[in-house]
Amino acid sequence: MLRQDRCSLLPLSEAVERLARRDLPPRSVAVTFDEGMYDFYVKAYPLLAAYEVPATVYVPTYYTARRRPIFDLGCSYLLWRGRGQLVETGRLLASPRRLRIPTDTTARDALHLEMRAQVNAAGYSSSQKDEMLAGLSAQIGVEWSEFLAERMLQLMSPAELASVDRGLVDVQLHTHRHRTPRRRALFVKELRDNINALEAMGFARDELRHFCYPSGDADPQFYPWLREMGIKSATTCEPNYATRARSHFDLPRLVDTMRVTNTEFRAWTSGVAAFMPRRRYAAPIGEVEQPPALVGDIDDALTTDFARPWGAVATDRAVAVPLRRQTRSGVLSAPDATMIRLDRRSAITRPAEPPGTLS
Ligand SMILES: [Zn+2]
């Protein structure tokens, strides 16, 4: 569709430079992916190669070496698979109890959030969290070993990541552990660990200059720290057009999912989205009625098999967009986006900083 519509598909670094120089061609688009999931490798990457679409992939390197699903995604997926079933929650809740997993999406999302908050607050290790997922899967009749073997909700391995065509796919920074600590030393360490891990996989240190906020958690507090690390751009999940008026550490991005229709997508790439109904992006707490349809999105992604890449739309315009876009982000290819609104809604859902992993 991007090719059909004669979009100018630019590597992110070039798009950022040309945006600053007022030199963007018409319909400029930079395509990005977060995490570097295994499904990117087997589904999206071959398509990018076939259509010669340059893309940037932001990788939280801690997870590349782990052949396990990311906890939040795995938990959400298992609750969806086990909807309607009775389970013992065990340590997934502060007060372990026997309950029926809601079939209603909103109630199930609330249960997932409660579990996520509890697990983060308790500071369980990765292997403890794996055990909890395995326990939940056993109760709902999902064969855990098969789930792992299929590599659902897992990242590319270091070898897979290192094997991608670097002329096509630009691997960039997303913190090592997918976290945004508010203490400078910890934040900088996350970036350094991320850079060191990618360098160990063969990526040139000097070229690791673009960053994406984990969970879309962008905060101007980070700007000076990014600057001192020599970072050239930082990408958010705010659906908007990139302009020179904004900081290059505040690059907006259209999060594309299965639910974005072709017409809507074309509205973005053609600039028509500038005329769509407008609403403030940063709604006060309480204005957003519904939490993101986290599990429902997985449902969609599974039934359709391929989640369209999500990308940054970088044209030289500024618009506001409907807030609803922020709350219906995909999961399989864009796990971050589901967490943005939650993180801003209340402190309790903000992922805890890693106990014991940083010093
Ligand atoms: Zn992410």
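Predicted model: local features only at pLDDT ≥ 70, side-chain atom pairs only at ≥ 80, totals over all residues.
Let me start with a crossing: helix 3 passes helix 4 in a right-handed sense. Helix 3 covers residues 71–81 and helix 4 covers residues 105–122. Their axes lie 10 Å apart, and the packing angle is about 145°.

Who makes that contact? From helix 3 we have Phe71, Asp72, Cys75, Ser76, Leu79 and Trp80. From helix 4 we have Arg108, Leu111, His112, Met115, Arg116 and Val119. By class, seven of the contact residues are nonpolar, two are polar and three are charged.

Helix 3 has another partner, helix 5, residues 126–140. Here the axes come within 10 Å and cross at roughly 10°. Angles under 35 degrees count as roughly parallel, and helix 3 and helix 5 are therefore roughly parallel to each other. On the helix 3 side, the contact uses Phe71, Gly74, Cys75, Leu78 and Arg81. On the helix 5 side, the residues are Lys129, Leu133, Leu136, Ser137 and Ile140. That contact divides into six nonpolar, two polar and two charged residues. Looking back, Phe71 and Cys75 are also listed in the contact of helix 3 with helix 4.

Now the strands. Is strand 3, residues 55–59, largely enclosed or exposed? Five of its five residues are buried, so strand 3 is largely enclosed by the rest of the structure. Ala55, Val57 and Val59 point one way, Thr56 and Tyr58 point the other way, and all are buried. Strand 3 pairs with strand 2 in the parallel sense, over four bridges. In one of the residue pairs, valine 31 has alanine 55 of strand 3 as its bridge partner.

Last, two backbone angles. Most residues other than glycine have a negative phi. Arginine 22 has a positive one, near 55°. Where does arginine 22 lie? It is in the loop between helix 1, residues 12–20, and strand 2, residues 28–34. Arginine 22 counts as exposed, because it has 8 C-beta neighbours inside 10 Å, and the cut-off for exposed is 12 or fewer.

Leucine 153 also has a positive phi, near 60°. Leucine 153 sits in the loop between helix 6, residues 144–149, and helix 7, residues 158–163. Is leucine 153 buried or exposed? Leucine 153 is buried, because 26 other C-beta atoms lie within 10 Å, and 20 or more is the cut-off for buried.

Notes: Residues numbered from 1 in each chain as written. Axes fitted to C-alpha atoms, helices over the stretch in contact; angles between N-to-C directions. Helix = DSSP H or I, 4+ residues; strand = E, 2+ residues; numbered from the N terminus. Left-handed = near helix turned anticlockwise from the far one by under 90°. Contact = placed C-beta atoms within 7 Å. Nonpolar A, V, L, I, M, F, W, Y, C, P; charged D, E, K, R; others polar. Parallel < 35°, antiparallel > 145°, perpendicular 65-115°, else oblique. Pairing = 2+ DSSP bridges.
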